[in-house]
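Keep the sequence and the model side by side while reading.

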Amino acid sequence: MLPISEIAGKDFAAGTAAQVLFGSHGDVVFRSLTIVSMLSAINAYHLMSTRVLFAISRDGLFAKQAATVNKGGTPTVSLLLSVAVALLFIVFGEKFAKVIAALAFFFVANYTLSFVSIFVLRRREPEKERPYRAWGYPWTTGLVLIGSVLFLAGAIAADLHEGTRFSIYALVILALSYPLFRLMKLINGVSKD
C-alpha cells in the first residue's frame, strides 16, 4: 500500500497505512479497532490470571482463601488479588514496561519448557493415552521450539547489547519458582506431584 520511504520513521506506521485505506479518518478507525480488540484481550488475560490463582490455591500451592468462590462461582479473593496487582501496574506505569519485557521472556521460556516436555514425555511414556493431540508432531512442535529458542537467544543478545537485564530477571524468577513450588507443597501438606 505504501512504499517503505513513507512508513520509515513513523511512530504509528499502521495509522499511516490506515489513512491510505480509510481516508483522513483512517488513523482514528485503526486506533478504535485496536482499543476494542485490546479490551477483549485484557478481559481474557485478567480472567486467566484469576483462574490460575484460584486453581493453584485449590491444589494447596497458594493461600487457601484464594480458592473461595461466591454463590455465582466467581473466585472473589483471587479476583481481588488480580485486580490489586493490575492496579499496582497501572500506578507504577513506568516500571510496567520493564515488567512486560521480563514477562515476555519468561512466558516464552515457559512455553519452551512445555515444548521440550512434549518430546520428553512422548519418549519416556510412549504407551500413555494422549487426550490432547499435538497437530503435526514432531514437526510443528519442533519448529515452534526452534522459534522459541531463537527468540530467547535474541532477547539475551539484545539485553547484553543494550545493557538491560530483562532476560536475567525472568530466568531468576523461573529458577526461584521451583523451590517456591516445593515450599508451598510442604507448607500446605500437598503430597501429590
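The second largest pocket is lined by Ser117, Ile118, Leu121, Arg122, Glu125, Arg130, Pro131, Tyr132, Arg133 and Ala134. The model is a predicted one. The space in this second largest pocket comes to about 190 Å³. Sorted by class, its lining holds five nonpolar residues, one polar residue and four charged residues. Arg122, Glu125, Arg130 and Arg133 are the charged members of that lining.

Now turn to the largest pocket, which holds about 1,800 Å³ of space. Its lining is made of 31 residues, and those closest to the centre of the pocket are Met48, Ser49, Val52, Leu103 and Phe107. How many of the lining residues are nonpolar, polar and charged? The lining of the largest pocket has 26 nonpolar residues and five polar ones, with no charged residue. The second largest pocket, by contrast, has four charged residues in its lining.

Several helices contribute to the lining of the largest pocket. At least two residues each come from H3, helix H4 (76-91), helix H5 (93-124) and helix H7 (166-188). Which helix gives the largest share? That is H5, with nine residues of the lining.

Next, follow the chain to the loop between H5 and H6, where Pro138 is found. The peptide bond that runs from Tyr137 to Pro138 is cis, and its omega is near 5°.

Helix H6 covers residues 139-162, and Leu143 is part of it. Is Leu143 buried or exposed? Its relative accessibility is 61%, and because exposed means over 50%, Leu143 counts as exposed. Leu143 can also be placed relative to Leu183: the two are 40 residues apart along the chain, and their C-alpha atoms are separated by 35 Å.

Two helices, H2 (13-22) and H3 (26-58), each supply at least two of the patch residues. Leu33 belongs to helix H3. With a relative accessibility of 54%, Leu33 is over the 50% cut-off and therefore counts as exposed.

Definitions and conventions. Residues are numbered from 1 along each chain as its sequence is written. This is a predicted model: local features need pLDDT of at least 70, side-chain atom pairs count only at pLDDT 80 or more; totals for chains, interfaces and linings use all residues. Side-chain values use heavy atoms; hydrogens and water are left out. Helices (H or I, at least four residues) and strands (E, at least two) are DSSP runs, numbered from the N terminus. Buried means under 20% relative accessible area, exposed over 50%, partly exposed in between (1.4 Å probe, protein chains only). On a 1 Å grid over the protein atoms alone, a cavity is a set of points where a 1.4 Å probe fits but cannot get out, and a pocket is an open set with protein on both sides within 12 Å along at least five of seven lines; lining residues have an atom within 4 Å of a point. Grid points are joined across faces, edges and corners, and a volume is the space filled by probe spheres set on the points.
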